[in-house]
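Dear colleague,

I am passing on the structure below, and would be glad if you could look through it before reading my notes, which follow directly after it.

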Amino acid sequence: MTSYATYSARAEMSELRRLKTLLPPELQSWVMVEATTEINPPLIRCEEIGRDEVEIQIDLAKWENLAIDQRNLVFWHEVARIQNDTIPREGWEMAALAIGLGGAVGELWVQDGLLLLLALALCGISGYRLWQKNNGERTLQEAIEADEKAIALATRFNYTLPNAYKSLGSALKTLIEQTPGRRQRKKYEARLQALRRSAAKAKAQMKAQKEGRTQS
């Protein structure tokens with residue numbers, strides 16, 4: 001039992017080191033790759049852990065269900081989100097909303113019109129920011145853009161364009177099959193549809209370029 005646990009720990013450390021090598025050189029000094037310690041965490045996610053530091057956290061138990069090429073593209077999707085600056089942040093909005101609501105109730109009691117307006121304005125701004133963060137269409141579009149960038153990153157690491165699309169597509173199919181939550185599954189399905197359209201467009205462009213070279 002002890003030897004198996006030791007082997008498992010070594011395998012996990014080896015995988016984390018391998019993933020670290022898949023970071024573009026410009027990110028390696030400030031992006032960490034770690035195993036998550038949460039209970040029932042997502043497969044992979046990014047989190048700011050300091051002013052100039054980001055951590056990619058991975059549930060290695062679920063990670064083992066993916067093939068190596070699938071893992072690589074899912075990992076590069078998160079890297080792309082870091083590059084696109086679309087990592088969800090634990091911001092000031094919830095605290096500001098609570099302060100604003102508390103202030104509004106307090107000012108209603110003491111009937112100070114100016115302070116009431118300021119409290120309501122704080123509620124409005126923080127509420128709008130929270131809505132922006134949780135807007136489904138916006139987050140889906142960000143995910144689709146990260147998929148596109150993940151494909152580009154894969155070609156940077158010597159994948160052919162068809163293989164990059166194939167690997168990410170198969171990863172999304174696996175995630176669809178293994179995701180029980182309907183909402184998250186629908187998001188994966190939408191990403192897969194967008195990826196198929198992008199792959200068809202890229203294939204047509206490659207074909208046109210090939211024909212152009214033949215004719216010249």
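Buried residues account for 35% of the 216 residues in the chain, bearing in mind that this is a predicted model. The chain is made up of eight helices and three strands, and from the N terminus on its elements run α-β-β-β-α-α-α-α-α-α-α.

The largest nonpolar core has 41 residues, of which Ile 56, Ile 58, Trp 63, Phe 75 and Trp 76 touch the most other members. With residues up to four places away in sequence not counted, Ile 58 touches Trp 63 and Phe 75 from that group, and also Leu 19, Val 33, Glu 34, Ala 35, Thr 36, Leu 43 and Ile 44.

Helix α3, residues 68-83, is mostly covered, with 13 of its 16 residues buried, and from its first C-alpha to its last it reaches 22 Å, close to the 22 Å expected at 1.5 Å a residue. After α3 comes Asp 85, which has a positive phi, near 60°. In helix α7, the end C-alpha atoms are 26 Å apart, which agrees with the 26 Å that its 18 residues should span at 1.5 Å a residue.

The buried residues of α7 include Ala 164, Ser 167, Leu 168, Ala 171, Thr 174 and Leu 175.

A last point concerns Pro 24, which sits in the loop between α1 (2-21) and β1 (31-35). Is this residue buried or exposed? Its relative accessibility is 0%, and Pro 24 therefore counts as buried. Leaving aside neighbours within four places in sequence, Pro 24 is in contact with Val 79, Gln 83, Leu 153, Arg 156 and Phe 157; for Val 79, which is 55 residues away along the chain, the C-alpha atoms of the pair are separated by 8.6 Å.

With best regards

Note on methods. Residues are numbered from 1 along each chain as its sequence is written. This is a predicted model: local features need pLDDT of at least 70, side-chain atom pairs count only at pLDDT 80 or more; totals for chains, interfaces and linings use all residues. Side-chain values use heavy atoms; hydrogens and water are left out. A nonpolar core is a set of buried Ala, Val, Leu, Ile, Met, Phe, Trp, Tyr and Cys residues joined through side-chain atoms within 4.5 Å. Buried means under 20% relative accessible area, exposed over 50%, partly exposed in between (1.4 Å probe, protein chains only). Contact means heavy atoms within 4.5 Å. Helices (H or I, at least four residues) and strands (E, at least two) are DSSP runs, numbered from the N terminus. The expected span of a helix is 1.5 Å times one less than its number of residues.
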